[in-house]
Amino acid sequence: MTPVSFKGLSLGSGIPKICVPITGADSNTVIGQAGEAVSSAADLAEWRLDYFNDLEDTASIISTANRLIEILGDLPLIITLRDRAEGGKRQIADADYLNLYTQLVARTEVTAIDVEWQRDPTITAQLITLTRAHQVRTIISHHEFEHTPTKAVMVDQLTKMAQLNGDVVKLAVMPASNEDVLNLMVSTHEASQQFSQPIITMAMGSLGAVTRVAGQTFNSVMTFATTSNLSAPGQLTVDQTRQILKIIAQ
Ligand SMILES: O=C1C[C@@](O)(C(=O)O)C[C@@H](O)[C@@H]1O
């Protein structure tokens, strides 16, 4: 694995990094949650833009993003537009998705954006080219909210995402058994031996909780944890996660 720097934070070396989601529906709530993220033990923050009320108001989104970045200071910011099909709050057409990310990459100092692997490949390719030109990182992501694929399929999904040449790949699955959870961990470990990009994976829900704290054991480099509002089932608090990661790293 070759570590990738997110605003000086090294993903892929040392203890997995803790990312706190920001899920406010309006600017004031978003800004308030950024303050909570800064006072927490998190390493970085993710603005889940699909939770925002007004996705048509680009000016307000850009000014909120700039304010967020200012408040977060040294903490890197990832911006994520998660479609309903992948467990997000909104259905977002490819053209709107491309347009909003293009504005954000060009007009803010965002550290990284999350790009859904299942989008039209021309959109993904355009976003990767654009982010490279602006020194913005990309996380290529995929979510299986209904089930956990087989090990072979998960390794294949991770490998195909890595082939798009973003900076990091991410896979979240919904387990129905202990075996699903173990398979997610084994697939992540196996994929990490096959390509150099850092990998983020998790099994969601309470059944998958171990995957949110054991990334160091199976080579997942980041985990999502909350200060208040969950952005996916099974997330622990930042404090709980920090404590367990420390114990495991001893
Ligand atoms: O992709 C992910 C992972 C996640 O779904 C989780 O399960 O922690 C939470 C999302 O906010 C983030 O974008």
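This is a predicted model: local features need pLDDT of at least 70, side-chain atom pairs count only at pLDDT 80 or more; totals for chains, interfaces and linings use all residues.
Colleague: Where is Lys-7 found?

Modeller: In the loop between β1 (4-6) and β2 (9-11). Helices (H or I, at least four residues) and strands (E, at least two) are DSSP runs, numbered from the N terminus. Lys-7 also has a positive phi of about 55°, although it isn't a glycine.

Colleague: Which other non-glycine residue has a positive phi?

Modeller: Asn-165 is one, with phi near 65°. You'll find Asn-165 in the loop between α5 (151-163) and β8 (168-173). Asn-165 is partly exposed, because 13 other C-beta atoms lie within 10 Å.

Colleague: New topic. Where does UniProt place "binding site"?

Modeller: The unreviewed UniProt entry puts that feature at Glu-46, Trp-47, Arg-48, Arg-82, Arg-212, Ser-231 and Gln-235. Those positions use the numbering here, feature names are shortened, and annotations may be inferred rather than shown by experiment.

Colleague: What is Arg-82 in contact with?

Modeller: Setting aside neighbours within four places in sequence, Arg-82 contacts Arg-48, Asp-50, Gly-87 and Gly-88 (contact means C-beta atoms, placed from the backbone, within 7 Å). Arg-82 is in the loop between β5 (77-80) and α3 (94-107), and it counts as buried because it has 22 C-beta neighbours inside 10 Å.

Colleague: And what does Gln-235 touch?

Modeller: Arg-212, which is also on the UniProt list, plus Phe-224, Ala-225, Thr-226 and Leu-230, not counting residues up to four places away in sequence. Gln-235 is in the loop between β10 and α8, and with 21 other C-beta atoms within 10 Å it's buried.

Colleague: Back to β5. Which way do its residues point?

Modeller: Leu-77 and Ile-79 point one way, Ile-78 and Thr-80 the other, and all are buried. That's the regular pattern, because side chains in a regular strand alternate between the two faces of the sheet.

Colleague: What does β5 pair with in the parallel sense over three bridges?

Modeller: Strand β6 (residues 112-116), with Ile-79 opposite Ile-113. Pairing takes at least two DSSP bridges between two strands. The chain goes from β5 through α3 to β6 in a right-handed β-α-β crossover (strands pointing away from the viewer, the path from the first strand over the helix to the second runs clockwise).

Colleague: How many bridges join β4 to β5?

Modeller: Four, with β4 (residues 44-48) and β5 running parallel. Ala-45 stands opposite Leu-77 there. β4, helix α2 (residues 58-72) and β5 form a right-handed β-α-β unit too.

Colleague: Last one: which residues of α8 are buried?

Modeller: Val-238, Thr-241 and Leu-245. They cover an arc of only 65° around the axis, so they're on the same side of α8 (the arc is that of the directions from the helix axis to the C-beta atoms). Lys-246 and Ile-247, on the other side, are exposed. The cover over the buried residues includes β3 (17-22) and β10 (222-224).

Note on methods: Residues are numbered from 1 along each chain as its sequence is written. A residue is buried if 20 or more other C-beta atoms lie within 10 Å of its own, exposed if 12 or fewer, and partly exposed in between; C-beta atoms are placed from the backbone. Two residues are in contact if their C-beta atoms, placed from the backbone, lie within 7 Å.
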